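I opened my notebook to look up a few spots in one model. Here is what I worked from.

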Amino acid sequence: MQARTKLQREIVYLSNTKLSILNRDNEVWAYNSCLQHIAYATKHKFNCLTCGEKWNRGKERKKCVCPSCDRTLSIINTKCLTYKQWTYFCSLEVVNDFQVIRYFKIVANHKVGREVFVSIDEISQHWLSENGKYEIYAKLHKYNGYLDYWKNEFAIRRKIPNYYGISLYDISVSGCCPDYEVLPKYRKLGFKGNFGNVPPLNFFMELENNNRFECLLKRKEFALLSYYFGSRGHLVDRFWKTICITFRNGYKIKDLNLWFDYLEILQNLGLDCLNAHYVCPNNLEDNHTFYLARRQRRDERQRKKDLIASIQSYEPTYYKEKSKYFDIELGNDEIQISVIRSVQDFYEEGKELNHCVFTNGYYKREYSLILSAKIEGKRIETIEVSLTDFNIVQSRGLRNSKSEYHDKIIDLVNQNLSIIKHKIA
Ligand SMILES: [Zn+2]
């Protein structure tokens with residue numbers, strides 16, 4: 001995009017004339033601090049992937065020290081010969097009252113027995129003006145789910161967020177060059193070179209506009225800062241007063257996800273989320289389990305209440321529609337068949353025979369008549385008779401199967417369908 005506004009033209013000019021080249025110290029710092037340092041290990045040898053040194057392996061299992069470059073290396077047992085890694089880092093400069101965040105991509109190509117080949121490429125800049133406006137001056141960033149690349153020359157780029165509200169130019173960095181320069185206002189707000197996992201541009205914007213963000217930074221609560229910027233960040237606002245109570249009590253939250261889950265359970269139970277007794281537990285896992293069980297018991301009681309209420313609310317309608325069939329009694333000395341007389345009885349029928357006559361709301365079916373076949377009071381099968389063509393639609397016993405009395409029941413009902421037909425006339 002062409003620089004159109006006065007601000008954009010000024011930024012393009014300053015970027016091309018005032019910014020320094022990344023110095024050697026920063027390049028070394030970026031390699032040392034932002035990437036992994038690895039030794040490939042075979043059965044008998046360690047290979048330093050930074051300087052290419054090989055030496056006989058000792059008893060080390062996780063870490064070793066290269067005798068040549070003196071680095072502490074993470075050990076990977078493999079027969080591979082190459083390794084590629086990359087990440088982003090940033091440097092901060094102040095140019096003519098602008099806060100400039102410069103983003104670099106560092107790529108390291110490793111090969112066993114060779115010195116590492118490192119390339120560093122500047123890919124983007126954010127320019128923040130004193131009055132809170134910003135512009136993106138960057139290479140074109142393309143990301144299609146598989147490939148992530150930067151191409152073309154630097155230009156002013158559009159600030160269009162994607163579907164998730166994130167811009168392709170919001171970049172999380174693995175570190176910030178230690179010789180950073182920031183506008184005095186950010187220094188006053190507590191910035192000391194650490195962004196946590198928050199993309200730097202968002203970090204500065206939040207820092208300037210959000211007191212809670214500033215408070216967390218001054219308290220060095222980087223885990224909470226990152227959380228605040230993540231997908232469940234709204235919980236930090238919702239439980240802000242509770243978080244302040246943990247500060248006052250010197251309570252350290254070890255597992256933020258679990259702790260916020262726990263607070264939601266407490267709140268749901270109507271317990272006081274401003275009481276240190278609840279919100280600063282010695283054993284978070286145990287408390288979480290305890291109150292979760294309490295909530296599940298309460299939810300279960302509530303479900304039962306709702307069920308009873310829903311049964312009671314439909315009883316009058318069912319009575320009105322089907323009570324004229326209630327005096328139908330079919331059967332013989334062995335099997336007794338009668339119309340189900342209440343919604344409550346549908347519930348009992350479904351529960352005892354473990355089928356869906358209640359759950360699927362058969363009591364609401366205007367053109368079905370539901371009967372229950374019993375032997376000495378014990379439910380055997382449930383029969384559905386159509387009130388449009390007076391046929392048996394289905395007859396089902398325990399868990400929808402046929403009982404040993406199925407054929408007898410079908411015969412009994414078929415012999416007496418005329419009684420039901422007579423009722424509707
Ligand atoms: Zn080495």
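**Entry 1: Phe89.** I kept in mind that this model is predicted. I found Phe89 in strand β6, which covers residues 82-95. Is Phe89 buried or exposed? I counted 24 C-beta neighbours inside 10 Å, so Phe89 is buried, since 20 or more is the cut-off. I then listed what Phe89 touches, leaving out residues up to four places away in sequence. Among its contacts are Ala30, Cys34, Phe104, Ile106 and Val173. The stretch Ser174, Gly175, Cys176 and Cys177 is also on the list. I checked Asp286 too: its C-alpha is 40 Å from that of Phe89, and 197 residues separate the two in sequence.

**Entry 2: a sheet.** I traced an open sheet of five strands, in the order β3-β2-β1-β5-β4, with mixed pairing. On average, neighbouring strands here are turned by 35° against each other, direction ignored. I looked at one pair, β1 (residues 38-41) and β5 (residues 72-77): they run parallel and are joined by four bridges. Ile38 has Ser74 of β5 as its bridge partner.

**Entry 3: positive phi.** I noted that most residues other than glycine have a negative phi. Asp97 has a phi near 70°. I placed Asp97 in the loop between β6 and β7 (98-111). Asp97 is exposed, because it has 10 C-beta neighbours inside 10 Å. Asn400 also is not a glycine, and its phi is positive at about 70°. Its loop runs between β15 (392-396) and α13 (406-415). With 13 other C-beta atoms within 10 Å, Asn400 is partly exposed.

Key
Residues numbered from 1 in each chain as written. Predicted model: local features only at pLDDT ≥ 70, side-chain atom pairs only at ≥ 80, totals over all residues. Helix = DSSP H or I, 4+ residues; strand = E, 2+ residues; numbered from the N terminus. Buried ≥ 20, exposed ≤ 12 C-beta atoms within 10 Å, placed from the backbone. Contact = placed C-beta atoms within 7 Å. Pairing = 2+ DSSP bridges. Axes fitted to C-alpha atoms, helices over the stretch in contact; angles between N-to-C directions.
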